[in-house]
Amino acid sequence: MKETFNIAVIFGSAREGRFCDTVGTWVVETLKSDHELSVDTIDPAVLNLPAAHVGADHPAVAHLHTALTEADGFVVVTPEYNHSFTGELKLLIDAAKQQWKRKPVGFVSYGGMSGGLRAVEQLRLVFAELHAVTLRDVISFAQAWDKFDDTGRPIDLEGTNNALRHMMTDFKWWAGALRDARYPQSKHHLLEAIA
């Protein structure tokens, strides 16, 4: 019996008219076709986190903490603004701490010439500080607006789907290894129950 992993796809933009909806929806739909994954979304535009850090008693922060805690790992869909990632994404990341710890983080980035890779490189530094494990491989869309058709799917659907599945193969390995490391007793008791 294969393991199932709870994956949270994090939308990295809350701007009006954002292209993140197009890229993020493709990611969510593709991941939902994998029966080893249970997919949830975390969207700063929906969460409406307070600009000031107010603690876990705030309903939006409490909701975020619950969603992050339940996830075995994260896929961040990030644009690149001014050679970096968005303020909304940083606010979301900084609203939690322990909930990120010892979990894998994958990236799907988009932008102009760089395809959002400069945002990803800076996000790696942030997640390292939170003791999260970032994946080496990234799905990146340079000139992203030219890479999707009118239905919101990548023009090279087969190639991009295969690239995402390849990244998720490593993601699932890390998710399983890190979950076993976080909860070694639960696996031990499960093996005893099966024996």
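This is a predicted model: local features need pLDDT of at least 70, side-chain atom pairs count only at pLDDT 80 or more; totals for chains, interfaces and linings use all residues.
Five strands build an open sheet. Their order is S2-S1-S3-S4-S5. The pairing is parallel. Strand S2 (37–42) and strand S5 (133–142) take the edges. Each of these two has a single partner strand, so one side of each lacks a neighbour in the sheet.

The strands are also turned against one another. Between neighbouring strands of this sheet, the turn is 20° on average, direction ignored.

## How the strands pair

Start with strand S1 (residues 5–11), which pairs with S3 in the parallel sense. This pairing has 5 bridges.

Next comes the pairing of S3 with strand S4 (residues 104–111). These two run parallel and are joined by 6 bridges. Here valine 75 stands opposite glycine 106 of S4.

S4 also pairs with S5. The two run parallel, with 7 bridges between them. Phenylalanine 107 has valine 138 of S5 as its bridge partner.

## Strand S3: buried on both faces

Is strand S3 (residues 73–79) buried or exposed? The count is 7 of 7 residues buried, so the strand is largely enclosed by the rest of the structure.

The residues of S3 point two ways. Gly73, Val75, Val77 and Pro79 point one way. Phe74, Val76 and Thr78 point the other way. All of them are buried.

## Helices H1 and H6

Two packed helices are described by the angle between their axes and the distance between the axes. How do the axes of helix H1 (residues 20–32) and helix H6 (residues 157–182) lie, and what angle do they make? They come within 11 Å and cross at roughly 65°. That makes H1 roughly perpendicular to H6, because angles of 65 to 115 degrees count as roughly perpendicular. The crossing of H1 and H6 is right-handed.

Which residues meet there? From H1 come Trp26, Val27, Thr30 and Leu31. From H6 come Leu157, Thr160, Asn161, Leu164 and Met168. Sorted by class, the contact of H1 with H6 has 6 nonpolar and 3 polar residues. It has no charged residues.

Methods
Residues are numbered from 1 along each chain as its sequence is written. Side-chain values use heavy atoms; hydrogens and water are left out. Axes are lines fitted to C-alpha atoms, for helices over the stretch in contact, and angles run from 0 to 180 degrees between N-to-C directions. Helices (H or I, at least four residues) and strands (E, at least two) are DSSP runs, numbered from the N terminus. Angles under 35 degrees count as roughly parallel, over 145 as roughly antiparallel, 65 to 115 as roughly perpendicular and the rest as oblique. A crossing is left-handed if the near helix is turned anticlockwise from the far one by less than a right angle, and right-handed if clockwise. Contact means heavy atoms within 4.5 Å. Ala, Val, Leu, Ile, Met, Phe, Trp, Tyr, Cys and Pro count as nonpolar, Asp, Glu, Lys and Arg as charged, and the others, Gly among them, as polar. Buried means under 20% relative accessible area, exposed over 50%, partly exposed in between (1.4 Å probe, protein chains only). Two strands pair if DSSP finds at least two bridges between them.
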